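Here are some notes for a colleague who is opening this structure for the first time.

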Amino acid sequence: MNRLLQVVFAGSRKTGQVDLEAVEMLVRESVHRAGAAALERLLAMPAPQPSNVSCGCGHTAQYHDKRSKQLLTVLGPVRFQRPYYVCPHCHQGQIPRDEELDVAGTECSPGVQRMMAAVGSDCSFNQGRDQLALLAGLKVTTKAVERHAEAIGTDIARREQDKVNHALQLELPQILGSPVPVMYVELDGTQVPVVRAELKGRVGRIEGKPARTREMKLGCIFTQTTTDEKGRPIRDEASTTYTGAIETAELFGRRLYTEAWERGWSRASKKVVLGDGAEWIWNIAAQHFPGAIQIVDIWHAREHLWDVAGKLFPSDDKKRKSWAKKLIKKLNRGGVQTVIAELRAFPTRKPDLRDILRTQADYFERNRERMHYPKYRKQGLFIGSGVIEAGCKTVIGSRLKQSGMFWTVRGANAIVALRCTRLSRKFEDYWASRSRAA
Ligand SMILES: [Zn+2]
């Protein structure tokens with residue numbers, strides 16, 4: 001450090017100027033190097049070295065030799081030695097020290113792994129690599145960011161799956177805590193572009209066109225304690241948690257139920273499930289959240305009316321608007337029955353229009369009991385699923401749907417598990433429990 005400072009001071013005396021950025025980067029680099037040397041010494045300190053350790057096969061692995069490993073730490077590369085054991089029975093080799101340090105199967109220290117998870121969760125792996133170089137002075141490959149972010153996401157997803165499996169066996173511990181006035185479950189699906197191999201045997205969503213995407217399901221849980229002076233609901237700050245995956249509605253239902261349970265679903269005085277009209281959503285609501293108030297997002301319901309209006313009056317803007325607004329008014333006032341009647345009674349001889357009217361009337365009929373909007377408003381409840389729609393954009397869209405991105409299901413699920421955990425403010429807990437396990 002002294003030598004470095006001498007060079008820096010000599011340089012600035014000579015020119016009378018200080019290139020602060022060049023100096024700060026240079027100093028960071030040297031400080032890192034000094035730190036890496038200290039870490040190297042720490043890792044070289046004599047540690048207890050048993051002559052044998054137990055092997056997974058039930059026999060005992062014997063000390064074989066010492067092996068060297070290069071590790072990238074937040075202070076730069078270090079090299080260290082650790083004992084290697086081999087089981088004479090199954091010939092499996094193992095390095096207990098790597099497990100202890102949480103560096104098994106990786107050339108990156110826990111600190112670097114965590115940084116990779118952070119940048120790989122927030123931006124493309126490419127950008128993540130650049131961020132690490134700029135912000136942390138670490139040189140890593142794009143592939144390394146991808147591999148580590150995905151490995152950590154996969155670990156998170158695996159732990160969640162364990163919890164879900166416990167939930168199925170009704171082994172979930174009762175979650176204690178203060179009562180929750182209103183708890184909401186919102187769920188939705190959004191399309192994620194995937195690599196071709198993930199589309200085998202799947203038909204596209206648009207007839208005649210091959211599938212390019214798979215549906216990722218996202219759910220969120222949040223709470224509400226109060227309303228504003230106008231009686232409009234206020235979401236409790238920082239109360240939203242997310243969970244999502246590309247998976248069947250059946251598996252997703254269990255995942256969402258487990259998340260809600262953890263959030264204290266059983267303690268909620270009022271329970272609400274909010275979503276659009278998709279059938280799988282209400283199947284999940286019926287199976288996993290019985291007794292909850294079911295609400296169809298009012299904006300979706302309105303959108304349906306605008307769609308019909310567009311078909312009925314394709315060239316008459318005035319009529320289109322007045323017809324749609326009339327029915328929306330009825331919907332807002334709780335007159336869903338009138339809306340259905342109007343749709344069924346609309347006079348037309350065109351068969352395609354009759355089909356559209358019937359389909360839409362059926363939609364309102366099916367969701368009739370989920371459209372008592374004045375009643376929900378009076379109770380100060382949310383009637384729009386804006387939280388999950390925003391979630392689809394922030395949790396999934398902004399990271400997984402950038403142009404040129406094509407995902408494997410495994411990769412997409414890993415990154416979404418990671419993002420959900422971080423955006424639900426659970427990552428620190430996960431990381432702490434992970435180091436305890438190591
Ligand atoms: Zn063995």
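**Notes on the predicted model**

1. Leu 5 has its place in helix α1, which covers residues 2-15. In this model, which is predicted, Leu 5 has a relative accessible area of 31% and is therefore partly exposed. Together with Met 1, Phe 9 and Val 31, Leu 5 makes a nonpolar surface patch of about 360 Å².

2. Nonpolar side chains tend to be buried together in soluble globular proteins. Here the largest nonpolar core has 98 residues, and those touching the most other members are Val 185, Leu 187, Phe 289, Leu 331, Phe 364, Met 371 and Tyr 373. With residues up to four places away in sequence left out of the count, Leu 331 touches Ala 301, Arg 302, Leu 305, Val 336, Val 339, Phe 364, Met 371 and Tyr 373. Apart from this core lies another, of six residues, including Leu 71, Val 78, Phe 80 and Val 103.

3. Ser 109 is found in the loop that runs between α3 (96-101) and α4 (110-122). Its relative accessibility is 9%, so Ser 109 counts as buried, the limit being under 20%. Not counting residues up to four places away in sequence, Ser 109 touches Leu 71, Leu 72, Thr 73, Val 74 and Val 103.

4. The whole structure holds 32 salt bridges. In one of them the side chains of Asp 102 and Arg 434 meet, at 3.3 Å from N to O. This pair links distant parts of the chain, 332 residues apart, since Asp 102 lies in the loop between α3 and α4 while Arg 434 belongs to helix α16 (residues 427-437). Asp 102 is buried, with a relative accessible area of 18%, and Arg 434, at 12% relative accessibility, also counts as buried.

5. Within helix α6 (residues 142-168), Glu 146 and Lys 143 are three residues apart and so are separated by about one helical turn. Their side chains meet in a salt bridge of 3.5 Å, N to O. Glu 146 is partly exposed, at 22% relative accessible area, whereas Lys 143, at 52%, counts as exposed.

6. Asp 162 and Arg 158 also lie in helix α6, four residues apart, which is about one turn of the helix. They form a salt bridge in which the closest N and O atoms are 3.7 Å apart. Asp 162 is partly exposed at 39%, and Arg 158 is partly exposed at 45%.

7. Which residues are linked with Asp 102 and Arg 434 in a network of salt bridges? The network also takes in Asp 155, Arg 158, Arg 159 and Asp 162.

Key. Residues are numbered from 1 along each chain as its sequence is written. This is a predicted model: local features need pLDDT of at least 70, side-chain atom pairs count only at pLDDT 80 or more; totals for chains, interfaces and linings use all residues. Side-chain values use heavy atoms; hydrogens and water are left out. A nonpolar core is a set of buried Ala, Val, Leu, Ile, Met, Phe, Trp, Tyr and Cys residues joined through side-chain atoms within 4.5 Å. Buried means under 20% relative accessible area, exposed over 50%, partly exposed in between (1.4 Å probe, protein chains only). Contact means heavy atoms within 4.5 Å. Helices (H or I, at least four residues) and strands (E, at least two) are DSSP runs, numbered from the N terminus. Patches are made of residues with over 30% relative accessible area and no salt bridge: like charges are joined within 9 Å, nonpolar side chains (Val, Leu, Ile, Met, Phe, Trp, Tyr) within 5 Å. Accessible areas come from the Shrake-Rupley method with a 1.4 Å probe; for residues, only the protein chains shown count as cover. A salt bridge is a side-chain nitrogen of Lys or Arg within 4 Å of a carboxyl oxygen of Asp or Glu.
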